[in-house]
Amino acid sequence: MITRRVQYELIARAAGPLLMTINRWQGDLKRAVRRVTGRGPARKAAPFGPPLESTRKLKDLMTMHYLTGRYADGAVPVAWVTSGFPVEILRPSGFFTVYPENHGAVCAVRRMVPELSEAVEKQGYSRDLCAYARCDLGSVVTGKTPAGRLPRPDLLACCTNICQTVLYWYRALAEHFKVPLVLVDTPFVYGEAKPHHLQYVRDQLHELRTVAERVSGNHVAPEELEEILKVSLAGTRLWDACLKTGRTKPSPWTGFDSFIHLAPIVSMRGTEECNAYYRILLDELQDRARRGVPGIANERVRLLWDNLPIWFNLRELATLLAEHGFNFVCTTYTNAWAEAGGLIDPADPEGSATRAYIHVILNRDLPNKLRTMKRMCTEYDVQGAILHSDRSCKPYSIGQIDLKDRLAQELGIKALILEACHADQRAYASEQGEMRIRAFMESFDQATPS
Amino acid sequence: MRRAIIREQQARGRKAVAVLPVHYPKPLLTAMDILAVELWGPPGPPRGPDAGRLQAYVCAVARNALAFLAAGHADVVDGVLFPHTCDSIQGLATLAPDFGGWGKPCFRYIQPKGEERPSSRAFVRAELESLAAELAVLTGKSLETAALRRALELHTEIDRLRAALLDGRARLAMTDRELYGLLRRGEFLWPEDHLQELKAATGRLAAEGSAPVQTDLPIMITGYVPEPMTLFDHLRAAGAYVAADDYAGIGRRVLRVPVGEDDVVSERSERSARPEAPPRPRPVSDPFVALVRQSFEAPPCSTRSANQDRRLEYLVGLYRRSRCAGLVVHVPKFCEPELFDVPAIRARFAAEGVPLLYLEGELEADLSAQAQTRIDAFCEMVAAQRRRGGRAAGGTRGGATGGTRSGATGGEA
Amino acid sequence: MSDAAKAVALGVDAGSTTWKAVAIDATGAIVASLVEPAEPRIGAQTERAVAVLRTQAGADAAVPLGATGYGRKRVAAARSLTEITCHARGAFARMRRPGVLIDVGGQDTKVIRIGAAGDVADFSMNDKCAAGTGRFLEVILGRLHVPLGEVAAFAARAERSVLVSSTCTVFAESEVVSLVAEGQPVEGIVKGLHAALASRVAALAGTMPQDGGVFMSGGVALNPAMVEALAGALGRRVEIVPDPQLVGALGAALAVRP
Ligand code: SF4
Ligand code: SF4
């Protein structure tokens, strides 16, 4: 335990940054070789604006995070956590947190999901189940991960405010690792949350604190929780401010950038590193906005994106759209981490966390989702929307057909439903998808004579 | 037929509420003079212009229900109750009332997920009281404790008879088609009428200890809803019958332990280990306590995201007690709750050496030819293994036999 | 068909694309056989073709007939059994040891674990989409204008396999079209298609016991490229059951052999 701890600290403080420099250096080398030999994917920079400087810092931050993670188990308590979990309650007990959903996104970007999924499809997991769950379970079973190694959890922390799937998935993890699973079960909010629904969540947060203290062996003073909540609130506000720079015309970045830069607020929420990063990003975005530096070279049409990104096709899609002057300036997905977290009030830790975590977009009814989308359409002044109908994510996708019609009727927004999966490329016909997007883009040019 | 029954009940001053799957506090509805009419689909392809409002990767149960409600086929009822069963029904419960498809009163019953905890116990109680208050607005009269007590007794009796028929299946002179037809009438009959039919059916039960009247291959089925019902005809033609049932809509809703009104938390583990324990009425104090207990004492169900070990123990126990010779897993395509339990069920029953057939369904009107072939082949395989094994019946088999997998690609039914 | 008088049993496999029948002698050897495209009226086809077979094999009406296949219930037979049971019996009779039998047919694909006594220990079948079946190849090869007879030669000529990621017939079709448009060699695509199908079939096979052989039957077994791809996907040697198309019919005949 002691040596493990020393190793962990060493990596986190000294060796990690060093290793990263080497990694980066190797990466540069590879790129240089590619340039010289002319092999490998040639980056056409044309349709995009100058790349964000912060991206490199983001890479360092996330690499560091995963690198530290390799040495975390045995050194500090480790929790695997769902993206919508009130992680602030765990932080004061010193947990290193792993976000399987974020890890799933990394696997998806690297197009590893089919391979990982097949490992559990053999056990009888259906391909109709959420690809994040299949990919993560597959990674656990095979030990394969782009992160090198994920630390073994001491605790699994699951909140159903995004879906029920996470509970089934985490239960399987609990079975595999034989560690406790804490659940925060959040009743779905139809209209207003009922008082006894809030009470239920609040009771569970209370139960959770006890378990977190028991598993970590660390007693937490109330001030410590308050402190974390302050940090978390600040992080949420910073992220919100970053997103809002997209209101500028042209937008200083793209929705696809925002998907990438989402990682810290999802998986490092409530830490100073997270906030420090977003301060850098915000500075850069605000500076770009002031100087009129655009996310894409020629922003003609502004769009809203609904649902998770199609991780494995992110770059292709972004390029296709940018080439024609289409830019995603806002997405309901990235917005989710800017919104509910604003309800946090450090003066009322459990009460405000309850309200914040029950009121996430995926845990609220469709009229709320429509309101949010309409507000975003207006505030970001968009003309069109792409609603990614995600086979893997029913809670996010149900209702999209009606939402599309209503956006058209009530705001005159042209919308496209694009059926795909956020992580498993086997479920996406990219040629057909591309054709539909091209047709969608053409429809704008017919409508608005330039 | 349902329409006539609903009208007749309404003429008696009762209200009728359509209920989506799976679990809901039925005694509460009965006590408030509300006829529950369950909406399991209905089977067949989704009909009507609203069918396309849910993507094709949402299960047929939810898609068909939307099409059915939006087409006005449920207009005769006074309201709809959506239990919080899964993400799909959760979405449907806002899609239909908020975006069109259902204009009459709408109720939701949220059921806690996961393990029983002090917080979830307190929550169920509050949720029941809140539902009762909302239903009182519909009926115009509030819930009476005495009525709830009577309703609890009535449903306890219904469950006792259902359990007797299911547990005594081998001695019951009925085909599967007849038995399921009878049990499923409970989905829309006024409970007292259903009780009469159940009583009549127990007359066809041979005395305990007498030779079984069912001599076909005894099979256990676990799944969601027994649709299409022709499945039973195909099983029968292939020489098998359902000796043990774990459909969410049937066996998983039969409380085999009568729950009294005293809080009996401490005895829970002991009781669930012996689901066959004889009925023992408990002293009366507060009927709500009994309703709360029922929510935790029912057989483990995927849609409540019950503890998996407990569910597997329950299933293996049921399989052994019923002396089955094979297991059919019959789940709806795209159903997350059911599909997530499949790997564990496969692994557990494979370890027991139990042959297993996996069928996926989409509420079709009849099984495809391919699914029929698989049922036939499964029965041929089980019968051959039984002959070779020379064993009288079921239980654990050693060694060679694994599960019949339809592979990662899933099957169909 | 030299010594036709020895026929003791007949077997019919009324499949959805082809109709097959055999006559066997007392040792289980095939003494006569017939393969025809399936006709919509299976009953009538069987009546006619069985009469031909009986003449060929010199088997009178007393020689019993066993039936299997999709249309088995519409065949007047002494006994009818599913393809699963019959394929296991037929393959066991030819290979004489337990193992895993993979039958890639036109409409469905079966993986059958054959036990030590030639029994079905376990089986699995593809779902209703054509992804894991011979149909997958047929549709897409048609699209590429590769004649079925030359498939193996095409694949053999390929310098490398082009990755085809979709295993859904519809998706793969458009993927292949765009691969061609990108200028990828057709030979490599053909090879890639076989690999895609093989991985799908391998997934159906799941984890297989390491003892016993891996056998292949069905029309697709006559395509060496597929056999090779399957062996690659499974990491095991794949043996072809002799007369791969007749395995089901043979099993049906064995089931009624006196
Ligand atoms: S993608 Fe959707 S279903 Fe999957 S874990 Fe996330 S919210 Fe749940
Ligand atoms: S079948 Fe499954 S997914 Fe569909 S409504 Fe029922 S529980 Fe939900």
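Mentor: Two ground rules to start. Residues are numbered from 1 along each chain as its sequence is written, and chains are lettered from A and ligands numbered from 1 in the order in which they are written. As the model is predicted, local features need pLDDT of at least 70, side-chain atom pairs count only at pLDDT 80 or more, while totals for chains, interfaces and linings use all residues, and side-chain values use heavy atoms, leaving out hydrogens and water.

Trainee: What makes B:E134 and A:K194 a salt bridge?

Mentor: The term asks for a side-chain nitrogen of Lys or Arg within 4 Å of a carboxyl oxygen of Asp or Glu. The closest N and O atoms of B:E134 and A:K194 are 2.7 Å apart, so the pair meets that cut-off. Between chain A and chain B the count is 5 salt bridges.

Trainee: Which elements of chain A supply at least two residues each of the side that touches chain B?

Mentor: Among them are α6 (165–177), α7 (195–216) and β7 (384–390); helices (H or I, at least four residues) and strands (E, at least two) are DSSP runs, numbered from the N terminus.

Trainee: How do you know how much area is buried between chain A and chain B?

Mentor: Buried area is the accessible area (1.4 Å probe) that two parts lose on being put together, summed over both. For chain A and chain B that comes to about 4500 Å², and carbon and sulfur atoms give 58% of it. By contact (heavy atoms within 4.5 Å), 51 residues of chain A meet 51 residues of chain B.

Trainee: Why is the pair A:F256 and A:F328 called edge-to-face?

Mentor: Rings of Phe, Tyr and Trp (its six-membered ring) pair if their centres lie within 6.5 Å; planes under 30 degrees apart count as stacked, over 60 as edge-to-face and the rest as tilted. For A:F256 and A:F328 the values are 5.0 Å centre to centre and 85° between the planes, so both tests are passed. A:F256 lies in helix α9 and A:F328 in strand β6 of chain A, so the pair ties together parts that are 72 residues apart in sequence.
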